Amino acid sequence: MDIKTLKTFVTVAKIKNFSAAARELHTVQPTVSRHVSDLESELGVKLFLRTTHQVELTKAGDALLPEALKIISNDKRVKDLIRQSNDSVECQINIGYLATASSFFMPKLINSFSASHTNVLTTLHEMTAQEQYEALIENKIDIAFSRRQPKLDGNLFNVEEIYIDRLVAIVPKHHPLASEKSLSISELRGEKFILFRRAEWTEMYEHILHLFQESGFSPNITFHPDNMRNLVTSVSSGLGISIAPECIKFIAQENCVCIPINEINLILPLYIYYKRTGSNAQLLDLVKTCKEHAPIIQNMLLS
């Protein structure tokens with residue numbers, strides 16, 4: 001039983017409504033339902049009787065409620081005690097980031113921030129876009145470096161653009177096309193392609209397929225990589241070519257070449273997302289540092 005799950009249980013018990021509890025917790029109703037379901041599965045009992053308009057505690061739920069309140073209270077007491085005993089740490093900022101899209105600038109950015117915030121503990125968490133979405137709404141991270149997150153509520157989260165990326169062709173270093181300064185889609189006819197699955201890359205995947213269709217052929221997709229490094233390794237091994245964001249060049253410099261594609265005009269911004277309310281001064285300072293570094297980051301990508 002983790003504290004977040006217990007807090008969800010207590011909130012539902014107090015409000016007696018899953019949707020209202022989600023609003024109270026600044027999250028979404030499916031997350032509240034999942035927390036309660038996980039807790040019920042762990043304990044092997046039903047905690048709520050669900051009716052059309054509200055929920056009521058079962059006998060097991062009644063028994064758990066005072067104990068849950070004690071556990072939550074003790075958790076806060078212990079955390080306060082630890083914080084008071086460690087005056088050197090003012091606060092902690094948890095950062096979620098997309099690996100390939102962020103790693104090329106993250107060290108310089110965090111070093112710059114930490115130099116003027118020596119009493120802030122900053123932790124980095126490599127995550128997929130979906131993991132970032134869930135971590136943001138569940139308060140597991142304070143800020144996310146992510147591609148567009150259309151499911152995030154704009155009333156709850158601020159968004160700032162950090163840089164703009166573009167799609168390029170990724171070919172092995174010794175590929176016949178490797179010396180080209182730019183390519184047309186038609187020149188890629190007959191190539192084997194390594195692309196992420198449509199469900200993982202919907203907007204970009206459909207944009208690429210549409211361009212191929214306009215050129216009169218469909219790409220021969222032979223492999224779906226698990227992540228960017230898997231994609232680079234596969235292309236480097238001569239298993240095919242790919243189309244991916246240009247930031248991939250920072251992990252593919254030795255074995256692959258990135259080449260602009262004339263017909264592709266889809267831009268791929270990287271954003272930071274953080275909550276509109278409740279952000280401490282240190283997190284807002286990090287946001288300020290990100291915005292100050294944005295032109296530098298853009299130049300790193302273009303160089």
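What follows is a short chat about a predicted model of one protein chain.

Visitor: Where is confidence lowest, and where is it highest?
Guide: Confidence is lowest in helix H4, residues 59–85, with a mean of 84. It is highest in strand S5, residues 143–146, at 97.

Visitor: On to charges. How many salt bridges does the structure hold?
Guide: The structure holds 13 salt bridges. One of them pairs Arg-34 with Glu-138. Their closest N and O atoms are 2.5 Å apart.

Visitor: Where do those two sit in the chain?
Guide: Arg-34 is in helix H3, and Glu-138 is in the loop between helix H7 (129–137) and S5.

Visitor: Which partner does Glu-40 have in a salt bridge?
Guide: Arg-50, at 3.7 Å from N to O. Glu-40 is in helix H3, and Arg-50 is in strand S1, residues 48–50. They are ten residues apart. Glu-40 counts as buried at 7% relative accessibility, while Arg-50 is partly exposed at 44%.

Visitor: And Lys-291, what does its side chain meet?
Guide: Glu-160, in a salt bridge of 3.9 Å, N to O. Lys-291 is partly exposed at 45% relative accessibility. Glu-160 is partly exposed too, at 21%.

Visitor: Which residues are joined into a network by shared partners?
Guide: Arg-34, Glu-138 and Lys-140. Salt bridges that share partners join them into one network.

Visitor: Now a charged residue without a partner. What is the story with Glu-191?
Guide: Glu-191 is buried yet has no salt bridge. The nearest side chain of opposite charge is Lys-192, 9.1 Å away.

Visitor: Where is Glu-191 found, and what is it in contact with?
Guide: Glu-191 is in the loop between strand S6 (157–172) and strand S7 (192–194). Leaving aside neighbours within four places in sequence, Glu-191 is in contact with His-175, Leu-177, Asn-220 and Ile-241.

Visitor: Change of topic: helix H6. Which residues are buried there?
Guide: In H6, residues 106–115, the buried ones are Met-106, Leu-109, Ile-110 and Phe-113. Seen down the helix axis, the buried residues of H6 fall within an arc of 90°, so they line one face of the helix.

Visitor: What is on the other side of H6?
Guide: Lys-108, Asn-111 and Ala-115 are exposed there.

Visitor: And what covers the buried residues?
Guide: The cover over the buried residues of H6 includes strand S3 (91–97), helix H5 (99–102) and strand S4 (120–126). S5 and helix H10 (281–302) are also part of that cover.

Key:
Residues numbered from 1 in each chain as written. Predicted model: local features only at pLDDT ≥ 70, side-chain atom pairs only at ≥ 80, totals over all residues. Heavy atoms only, no water. pLDDT = per-residue confidence, 0-100. Helix = DSSP H or I, 4+ residues; strand = E, 2+ residues; numbered from the N terminus. Buried < 20%, exposed > 50% of the residue type's maximum accessible area, 1.4 Å probe, protein only. Arc of directions from axis to C-beta. Contact = heavy atoms within 4.5 Å. Lys, Arg positive; Asp, Glu negative; His and termini not counted. Salt bridge = Lys/Arg side-chain N within 4 Å of Asp/Glu carboxyl O.
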